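Please look over the sequence and the model shown below before reading on. The report that follows takes up surface features, helices and side-chain contacts in turn.

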Amino acid sequence: MSPSLIRLRHSLKREAKAALPPLVFLTLAGYFAWNATRGDLGLRAYAAREQDLARAEAVQAEVATEVATWQRRVAALRPEHLDADVIDERARAMLNLADPADIVVPYGSLGPAF
């Protein structure tokens, strides 16, 4: 082997050894940068979790209003809140029925007075 080839070989080895640490560092930095944006705990996953949280909070608000509505309705059915006369009147109106003891006054041709 000629001395020039040996010098070339040594110079290439020296340059390869010099280039190896920055190459390893850049590879690791690229790996961490990729995971910071696209990994399971990265920025895109964070944005997706924020959207999921916003949707879940919206659903929770809707359900809370529905629960409050049903709680009001159920509370109105408790015995201390019911008036038997009002229930009887409402049932008759809904069923279009009359009690045989009721007095019915026809309006005549002019219609209701009020």
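Patches are made of residues with over 30% relative accessible area and no salt bridge, where like charges are joined within 9 Å and nonpolar side chains (Val, Leu, Ile, Met, Phe, Trp, Tyr) within 5 Å. Accessible areas come from the Shrake-Rupley method with a 1.4 Å probe, and for residues only the protein chains shown count as cover. This is a predicted model, in which local features need pLDDT of at least 70 and side-chain atom pairs count only at pLDDT 80 or more, while totals for chains, interfaces and linings use all residues. Residues are numbered from 1 along each chain as its sequence is written, and side-chain values use heavy atoms, with hydrogens and water left out.

On the surface of this model, a nonpolar patch is formed by Leu20, Leu23, Val24, Leu28, Tyr31 and Phe32, which together have about 630 Å² of accessible area. One of these residues, Leu28, belongs to helix α1 (residues 3-38), where helices (H or I, at least four residues) and strands (E, at least two) are DSSP runs numbered from the N terminus. Leu28 has 46% relative accessibility and therefore counts as partly exposed, given that buried means under 20% relative accessible area, exposed over 50%, and partly exposed in between (1.4 Å probe, protein chains only). Phe32, with a relative accessible area of 52%, is exposed.

## Aromatic rings and a charge over a ring

A search of the whole structure finds one aromatic pair. The ring centres of Tyr31 and Phe32 are 5.4 Å apart and their planes meet at 65°, so this pair is edge-to-face; rings of Phe, Tyr and Trp (its six-membered ring) pair if their centres lie within 6.5 Å, with planes under 30 degrees apart counted as stacked, over 60 as edge-to-face and the rest as tilted.

Trp70 has the charged end of Arg73 sitting over its ring, 4.9 Å from the centre. A charge sits over a ring if NZ of Lys or CZ of Arg is within 6 Å of the ring centre and within 35 degrees of the ring normal.

## Two salt bridges

The structure holds two salt bridges, each being a side-chain nitrogen of Lys or Arg within 4 Å of a carboxyl oxygen of Asp or Glu. Asp52 is bridged to Arg55, with 2.3 Å between the closest N and O atoms, and because these residues are three apart in helix α2 (residues 43-76), about one helical turn separates them. Asp52 is partly exposed at 41% relative accessible area, and its C-alpha atom is separated by 23 Å from that of Trp34, 18 residues away along the chain.

Asp88 is bridged to Arg92, with 3.1 Å between the closest N and O atoms. These two residues are four apart in helix α3, and are therefore separated by about one helical turn. Asp88 is partly exposed, at 37% relative accessible area, and Arg92 is partly exposed as well, at 24%.

## Helix α3 and the residue after it

The 12 residues of helix α3 (residues 84-95) should span 16 Å at 1.5 Å a residue, which agrees with the 16 Å between its end C-alpha atoms; the expected span is 1.5 Å times one less than the number of residues. Of these 12 residues the number buried is zero, so α3 lies largely in the open.

Asn96 follows α3, and its phi is near 55°, a positive value in a residue other than glycine. Most residues other than glycine have a negative phi. At 71% relative accessibility, Asn96 counts as exposed.
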